[in-house]
Amino acid sequence: MKKIISLILVLFVVSSLSYALTNKDEIVNVTGITDTVSVNNSGNKLSPNGDDTLENIDFYVVMPQKKSKVKNWSFSIINKQTSEVAYNLMGKKEIPAVITWNGKNEAGAVVEGSYGYIFTADINKENIKIAQDGIIVDITPPYLSIALQKDTFFADKEKNKFEKELSIVLNTGDENKIDLSKTKLEIVNTRNKIVKSWSFSEEKVVPGVIYWDGVDDIYGTVVPAGEYSAIFKSCDEFNNNSSTFSTFTVFDKAKGDSKIVVKEEPRGLLVNLSSNILFASEKAVLKKEAAASLDETIDLLNTYPANKVLIEGYTDSTGDNKKNLKLSYDRAKAVYSYLVKKGIRADRLTAVGYGSKNPIATNKTAVGRSQNRRVNIIILKNMDEQTDKSKNEKIKQSKPKKIQSVEESASSFEQISVPSEDVIEVIEILED
């Protein structure tokens, strides 16, 4: 008789497990099997974040004996760190075949942490207690960070690579495991097209640094000039997704026979044009010889049609400050006018006169003074980047207007309290 009862008990347990398996993806464990009752749970991971994955855990209560007299029962979910009861269900007589928990407390809030359950019952005058730990509730996405060594790079088309490699520093962190099969690094252009990607499914950990020479996955050539984003995506074992990104700009490296010098600076791409090439002494009228350098600069500007352009005029410290300020502006405006006449949109351009401010060399020598007399043309990295807003405000005019003199320009700025002797600026002025 005992053998028959034991066999029936085994059959019941097997059949209950089979039922659970056909209705759930996974049965993690079978716990608390007694001669009277057993509790099986469908998993041990909960992530109720609304993505329809790991939203609930089902607990299957199996009563092997058909004729079981239940007096009362209770089922509690308890936080293992605080011993607080997150969920409690109780009753008399009939025990539900399935108890479902969604990772939330009685108030409906998700309660992250480590949990266990306790099932107690008075069945056939026997006090039953089944306890099991190891349930984790997690809705926090993994921590991700990405940093670039620099944010401006030059593409050398002759060598088919960046002039200097792009170093991408990656960091991850999570209380639970990162799912490396869903962890990726992607380089995308402004059309959100992926030009380069890295997958870490075969890695044990995410590499701390990724190096890229600028060659894409599509054509096997260095990427064209433009704005790009490095996007770092990851997911933990609870399917909590996270992503972060950093942007950078690629410029084409100047050719060997170039008449202009292109340099990288924090604001963007800088073309430094000597006033000795552009203008006669103390004059603001462009010389014929200036056309070659300016036309090559225009070719560069046309490569980046969406970027704003800043034109800065400078003088040396010789002479009167007011005259230097006027001369620096007039020269910047002359370059501005040339660019507009050659087809560069006026709404991209900003002309600024700084006088003898911001010298790049000493004014005590003739060579140094010559270097300080210059016009800078800067292709700004960001399309919305403007000049220093603490000193300069954008002038909005309902009708196109041509500034005839420095004094008129200065008076236009009186309403925003910018001293005329500090800086002269004209923004988005359309030629008549």
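Mentor: Let's begin with strand E14 (residues 184-189), which runs antiparallel to E15 and is joined to E15 by five bridges. Strands here are DSSP runs of at least two residues, numbered from the N terminus, and two of them count as paired if DSSP finds at least two bridges between them. Keep in mind that this is a predicted model, where local features need pLDDT of at least 70, side-chain atom pairs count only at pLDDT 80 or more, and totals for chains, interfaces and linings use all residues. Residues are numbered from 1 along each chain as its sequence is written, and side-chain values use heavy atoms, with hydrogens and water left out.

Trainee: Which residue stands opposite Lys 184 in E15?

Mentor: Ser 199 is the one across from Lys 184.

Trainee: And what's the strand order in the open sheet of six strands?

Mentor: Read across, the order is E12-E11-E18-E17-E14-E15, and the pairing is mixed. At the edges sit strand E12 (161-162) and strand E15 (194-199), each pairing on one side only.

Trainee: What about the sheet of three strands, what order do they take?

Mentor: That open sheet goes E10-E13-E16, with antiparallel pairing. Its edge strands are E10 (143-148) and E16 (209-212), and each of these pairs on one side only.

Trainee: How many bridges join E10 to E13?

Mentor: Six, with strand E13 covering residues 166-173. One example is Ser 145, whose bridge partner in E13 is Asn 171. On to the next pairing: E13 and E16 are antiparallel over four bridges, and Ile 168 stands opposite Ile 210 in E16.

Trainee: Which residues of E16 make up the covered face?

Mentor: Ile 210 and Trp 212 do, while Val 209 and Tyr 211 are on the uncovered face.

Trainee: Switching to E21, how many of its residues are buried?

Mentor: Six of the six in strand E21 (residues 309-314). Buried means under 20% relative accessible area, with exposed over 50% and partly exposed in between (1.4 Å probe, protein chains only). Val 309, Ile 311 and Gly 313 point one way from E21, Leu 310, Glu 312 and Tyr 314 point the other way, and all are buried.

Trainee: Glu 312 is in that buried set too, noted. In which sense do E21 and E22 pair, parallel or antiparallel?

Mentor: Parallel, over five bridges, with strand E22 spanning residues 349-353. Val 309 has Leu 349 as its bridge partner in E22.

Trainee: Now aromatics. How many aromatic pairs does a search of the whole structure find?

Mentor: The search gives 13. Rings of Phe, Tyr and Trp (its six-membered ring) pair if their centres lie within 6.5 Å; planes under 30 degrees apart are stacked, over 60 edge-to-face, and the rest tilted. Take Phe 59 and Phe 75: the ring centres are 4.9 Å apart and the planes are at 55 degrees, so that pair is tilted. Phe 59 is in strand E4 (residues 57-62) and Phe 75 in strand E5 (residues 70-79), 16 residues apart. Both are buried.

Trainee: Why is the pair of Phe 154 and Phe 251 called tilted?

Mentor: Because the planes are at 40 degrees, with the ring centres 6.1 Å apart. Phe 154 is in strand E11 (residues 152-156) and Phe 251 in strand E18 (residues 241-252), so the pair ties together parts 97 residues apart in sequence. Phe 154 is buried at a relative accessible area of 10%, and Phe 251 is buried at 1%.

Trainee: Which residues form the aromatic cluster?

Mentor: Phe 153, Phe 162, Trp 198, Trp 212, Tyr 228 and Phe 248 form one.

Trainee: Last topic: how much space lies in the second largest pocket?

Mentor: About 420 Å³, taken as the space filled by probe spheres set on grid points joined across faces, edges and corners. A pocket is an open set of points on a 1 Å grid over the protein atoms alone where a 1.4 Å probe fits, with protein on both sides within 12 Å along at least five of seven lines; lining residues have an atom within 4 Å of a point.

Trainee: Which lining residues lie nearest its centre?

Mentor: Of the 23 lining residues, those are Asn 189, Thr 190, Ala 225, Gly 226 and Glu 227. Strand E17 (residues 226-235) gives the largest share of the lining, three residues.
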